[in-house]
Amino acid sequence: MSGVERKRNVLNFKQKLEILQKLDNGESASSDAEDELNKGNTITHSAALQSVETLLDYMGQRGFDYGDFTAVRKIHVDIRQEMNKQQKQSCITDFLKQ
């Protein structure tokens, strides 16, 4: 891999402080650190949801096996649940900031 540069994601001071405060309060902060580090490398929930919906449409047109269709539908539900969970957390955070 010579000549290939890898972008290194590093938490800034404020992000580190917030994570340390959560740890002091007995909260889990590992997912927060991971989310911050992966911000530039992740696909949004809405983009993933749209891709899965497109795949479901394609599978429906091509007559895929019911088991395959069910598996992709489960992925769709999982993405939607994660999206709702993050929206709820965001609303709570916004409320507490006021």
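**View 1. V72, a residue of helix α4.** In this predicted model, V72 sits in helix α4. Is V72 buried or exposed? Its relative accessible area is 11%, and since buried means under 20%, V72 counts as buried. So who are its partners? If you skip the neighbours within four places in sequence, V72 is in contact with V52, L55, L56 and M59. Take M59 from that list: V72 and M59 are 13 residues apart in sequence, and their C-alpha atoms are 9.4 Å apart in space.

**View 2. H76, also found in helix α4.** Here's another residue of α4, this time a histidine, H76. Its relative accessible area is 9%, which is under the 20% limit, so H76 is buried too. Which residues does H76 touch, leaving aside its neighbours within four places in sequence? They are L49, V52, E53 and L56.

**View 3. The whole of helix α4, end to end.** Helix α4 covers residues 66-97, which makes 32 residues. Now for a handy bit of background. An α-helix has 3.6 residues a turn, so residues three or four places apart point the same way.

**View 4. The cap on α4.** Zoom in on the N-terminal end of α4, and you'll find D65 capping it. A side-chain oxygen of D65 lies 3.1 Å from the backbone nitrogen of G67.

**View 5. The largest nonpolar core.** How many residues make up the largest nonpolar core? There are eight: A48, L49, V52, L56, M59, V72, I79 and M83. Helices α3 and α4 each supply at least two residues of this core, and α3 gives the most, with five. One of the core residues is A48. Not counting residues up to four places away in sequence, A48 touches I43 and I79.

**View 6. A pair of rings, Y58 and F64.** The structure holds one aromatic pair. Y58 and F64 form it, with 6.1 Å from centre to centre and 55° between the planes, and it is a tilted pair.

**View 7. Stepping back to the whole protein.** Which elements does the protein have? It has four helices and zero strands, and from the N terminus on they run α-α-α-α. Of the 98 residues, 14% are buried. The accessible surface comes to about 8,400 Å², and 52% of that belongs to carbon and sulfur atoms. Finally, take the contacts between residues at least 6 apart in sequence: 45% of them join residues at least 24 apart.

Notes: Residues are numbered from 1 along each chain as its sequence is written. This is a predicted model: local features need pLDDT of at least 70, side-chain atom pairs count only at pLDDT 80 or more; totals for chains, interfaces and linings use all residues. Side-chain values use heavy atoms; hydrogens and water are left out. Rings of Phe, Tyr and Trp (its six-membered ring) pair if their centres lie within 6.5 Å; planes under 30 degrees apart count as stacked, over 60 as edge-to-face and the rest as tilted. The expected span of a helix is 1.5 Å times one less than its number of residues. A polar contact is a pair of N or O atoms within 3.5 Å; within protein, one must be able to donate a hydrogen and the other to accept it, and residues adjacent in sequence count only if both atoms are side-chain atoms. A nonpolar core is a set of buried Ala, Val, Leu, Ile, Met, Phe, Trp, Tyr and Cys residues joined through side-chain atoms within 4.5 Å. Buried means under 20% relative accessible area, exposed over 50%, partly exposed in between (1.4 Å probe, protein chains only). Contact means heavy atoms within 4.5 Å. Accessible areas come from the Shrake-Rupley method with a 1.4 Å probe; for residues, only the protein chains shown count as cover.
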